[in-house]
Amino acid sequence: MSYADLRELQSALSTASDIAFSLGAEPAPHEADQLVDALRRALSAASALGAGGGATGCAEHPKGPVDPLFGDKADPLPPGWGRCLLCNDRRRRASAQRRGWR
Ligand SMILES: [Zn+2]
């Protein structure tokens, strides 16, 4: 567990809570997306807390490198992506292939 993971968890939970309490009776799709994204970040940070020093929060690569783009506000990762660079690279390759880039 690291202080950064704890801060990430607190920030994501606080964001999710802000969104949840500001929702009206009929939330817009993007509001629901933002909430899901914040909860995913919280889940990923919470998983990292129990990862025993693994910074990625990834079950497959707990000691792998962290994606430097994780948490980047200017160029955010797609929703649902974790902080594991190895898994994110695999996702990048997969989505590039789906779009026909090789
Ligand atoms: Zn991984």
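Colleague: At roughly what angle do the axes of H1 and H2 cross?

Modeller: This is a predicted model, in which local features need pLDDT of at least 70, side-chain atom pairs count only at pLDDT 80 or more, and totals for chains, interfaces and linings use all residues. Residues are numbered from 1 along each chain as its sequence is written. Axes are lines fitted to C-alpha atoms, for helices over the stretch in contact, with angles from 0 to 180 degrees between N-to-C directions. The axes of H1 and H2 come within 8 Å, and their crossing angle is roughly 155°.

Colleague: How is H1 oriented relative to H2, roughly parallel or roughly antiparallel?

Modeller: Angles under 35 degrees count as roughly parallel, over 145 as roughly antiparallel, 65 to 115 as roughly perpendicular and the rest as oblique. The axes cross at roughly 155°, so H1 is, relative to H2, roughly antiparallel.

Colleague: Which residues of H2 make the contact with H1?

Modeller: Two residues are in contact if their C-beta atoms, placed from the backbone, lie within 7 Å. From H1 come Asp5, Leu6, Glu8, Leu9, Ala12, Leu13, Thr15, Ala16, Ile19 and Ala20. Their counterparts in H2 are Glu31, Gln34, Leu35, Ala38, Leu39, Arg41, Ala42, Ala45, Ala46, Ala48 and Leu49.

Colleague: How many residues in the contact of H1 with H2 are nonpolar?

Modeller: Ala, Val, Leu, Ile, Met, Phe, Trp, Tyr, Cys and Pro count as nonpolar, Asp, Glu, Lys and Arg as charged, and the others, Gly among them, as polar. By these classes the contact of H1 with H2 has two polar and four charged residues, and the nonpolar ones number 15.

Colleague: In which helix of the protein chain is confidence lowest?

Modeller: Confidence here is pLDDT, given by the predictor for each residue from 0 to 100. The chain has a mean pLDDT of 85, with 91% of its residues at 70 or more. Helix H1 (residues 3-22) has the highest confidence, at 91, and the lowest, at a mean of 88, is in helix H2 (residues 29-49).

Colleague: In what order do the elements of the protein chain run?

Modeller: Helices (H or I, at least four residues) and strands (E, at least two) are DSSP runs, numbered from the N terminus. The protein chain has three helices and zero strands. From the N terminus on, the order is α-α-α.

Colleague: What percentage of the 102 residues in the protein chain is buried?

Modeller: A residue is buried if 20 or more other C-beta atoms lie within 10 Å of its own, exposed if 12 or fewer, and partly exposed in between, with C-beta atoms placed from the backbone. Ser14, in helix H1, has 12 such neighbours and therefore counts as exposed. Of the 102 residues in the protein chain, the buried share is 19%.

Colleague: Which residues does Leu86 touch, not counting those up to four places away in sequence?

Modeller: Leu86 is found in helix H3 and is partly exposed, because 13 other C-beta atoms lie within 10 Å. Its C-alpha atom is separated by 9.4 Å from that of Glu60, 26 residues apart along the chain. Beyond four places in sequence, Leu86 touches His61 and Gly64.

Colleague: What separates the C-alpha atoms of Pro65 and Ser44?

Modeller: Pro65 is in the loop between H2 and helix H3 (85-98). With 14 C-beta neighbours inside 10 Å, Pro65 counts as partly exposed. Pro65 and Ser44 are 21 residues apart along the chain, and the separation of their C-alpha atoms is 15 Å.
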